[in-house]
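Biologist: I am new to this structure and would like to learn how to read it, one feature at a time. Could you take me through it slowly?

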Amino acid sequence: MTSLSIDDHDRGSAGLTYVYPVVSRRAGGVSVGINLNTNNACNWRCVYCQVPGLVWGDAPRCDLGLLERELRSFLHDLVHGDFLATRVPEGARAWKDIAISGNGEPTSCADFGAVIDLVSKVLDSMGQLGKIPIVLITNGSLVHREPVLTALGRLAQAGGRVWYKLDSATDAGAAALNSNRAGHERARKNLELCARACPTWLQTMVLAREGLEPSSAEQDAYLDLIVELVAKHVPVQGVLLYGPARPSHQPEAAHLSSLPEAWMKAYARAIEVRGLPVQLSL
Ligand code: SF4
């Protein structure tokens, strides 16, 4: 096997069905990913999505026995074997988290709650529960479903956290960027449910389309949302603000580009002055 490069998200790099390692800039070391969407299916279609062959739909049922075997075997190699020494660049040889993320929306898996419990059990058996965080990366669209919401409560008890994708605070923006037709109000309500159930960070992508930055109406709506969250004491931890670092696999790819560093820094500052900390990834 070859050495991993930073933010190489090749889900097949370990030759496993569900488990894949990433040397993550976000995590500052090795993030152990769990991909439940082995069918490349998502209930959104973001213009910047990096999943090749993305299709509409839900994740399939999870083979929990296989996931447990893969996770235990991979983590044993990571902690006791030569994985870090042989596959990970110097300076990143530390296990930072387990990320439930992948080629689609993980909470669309009917076994999502059982997966949270399984990952918690495996970490507990290694003496790592509460030390190695479990990070759920989600578009939040299914948080209002009772089994998902109760699983988020158990994720919080296991020392987990949520990265909640919210790129636009307008119906038009959510439809144009994410093909999310449920509307902003649903996203806003689900965000509050999520943040009250489990420590939650907003994860926000900003990009230029046809060379144009987001309209002033889009920017104002997003910044107004931050003001509202702070005023209503919705316990959002902060904003992970990032741009399109890797190429989109969607038809819009050629029309997307990164915004200038100065623009991103100014937008981050505009969020911060409204009361939420920002981690900016350029
Ligand atoms: S929510 Fe994630 S997996 Fe789904 S289309 Fe958007 S970027 Fe891709």
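This is a predicted model: local features need pLDDT of at least 70, side-chain atom pairs count only at pLDDT 80 or more; totals for chains, interfaces and linings use all residues.

Biologist: How many helices and strands does the secondary structure of the chain come to?

Modeller: Helices (H or I, at least four residues) and strands (E, at least two) are DSSP runs, numbered from the N terminus. In this chain there are eight helices and 12 strands.

Biologist: What radius of gyration does the chain have, and what would a compact globule have?

Modeller: The radius of gyration is taken over C-alpha atoms, and the globule rule is 2.2 Å times the number of residues to the power 0.38. For 282 residues the rule gives a value near 19 Å, and the chain, with 18 Å, agrees with it. Along the principal axes, the C-alpha atoms fill a box of roughly 50 × 40 × 35 Å.

Biologist: Which strands form the open sheet, and in what order?

Modeller: Strands of a sheet pair through backbone hydrogen bonds, either parallel or antiparallel. Two strands count as paired if DSSP finds at least two bridges between them. Here eight strands form an open sheet in the order β1-β2-β5-β6-β7-β8-β10-β12, with mixed pairing. The edge strands, each pairing on one side only, are β1 (19–24) and β12. From one strand to the next the twist averages 25°, where axes are lines fitted to C-alpha atoms, for helices over the stretch in contact, and angles run from 0 to 180 degrees between N-to-C directions.

Biologist: Which residues stand opposite each other where β10 pairs with its partners?

Modeller: Strand β8 (residues 200–205) runs parallel to strand β10 (residues 236–242) and is joined to it by six bridges, with T204 opposite L241. Four bridges then join β10 to strand β12 (residues 278–281), again in parallel, and Y242 stands opposite S281.

Biologist: At what angle do helices α4 and α6 cross?

Modeller: Two packed helices are described by the angle between their axes and the distance between the axes. The axes of α4 (residues 146–157) and α6 (residues 184–197) come within 8 Å and cross at roughly 35°. Residues are in contact if their C-beta atoms, placed from the backbone, lie within 7 Å, and here L149, L152, G153 and A156 in α4 meet L193, C194 and A197 in α6. The residues of this contact divide into six nonpolar, one polar and no charged; Ala, Val, Leu, Ile, Met, Phe, Trp, Tyr, Cys and Pro count as nonpolar, Asp, Glu, Lys and Arg as charged, and the others, Gly among them, as polar.

Biologist: Is A217 buried or exposed?

Modeller: A residue is buried if 20 or more other C-beta atoms, placed from the backbone, lie within 10 Å of its own, exposed if 12 or fewer, and partly exposed in between. A217, in helix α7 (residues 216–231), is exposed because it has 11 other C-beta atoms within 10 Å. S258, in the loop between β11 (256–257) and α8 (261–273), has 15 and is therefore partly exposed.

Biologist: Which residues are around the ligand?

Modeller: A residue is near a molecule if its C-beta atom, placed from the backbone, lies within 6 Å of it. Around the ligand are C42, W44, R45, C46, C49, V51, L54, G104, E105, N139 and K165, a shell of six nonpolar, two polar and three charged residues.

Technical notes:
Residues are numbered from 1 along each chain as its sequence is written. Two residues are in contact if their C-beta atoms, placed from the backbone, lie within 7 Å.
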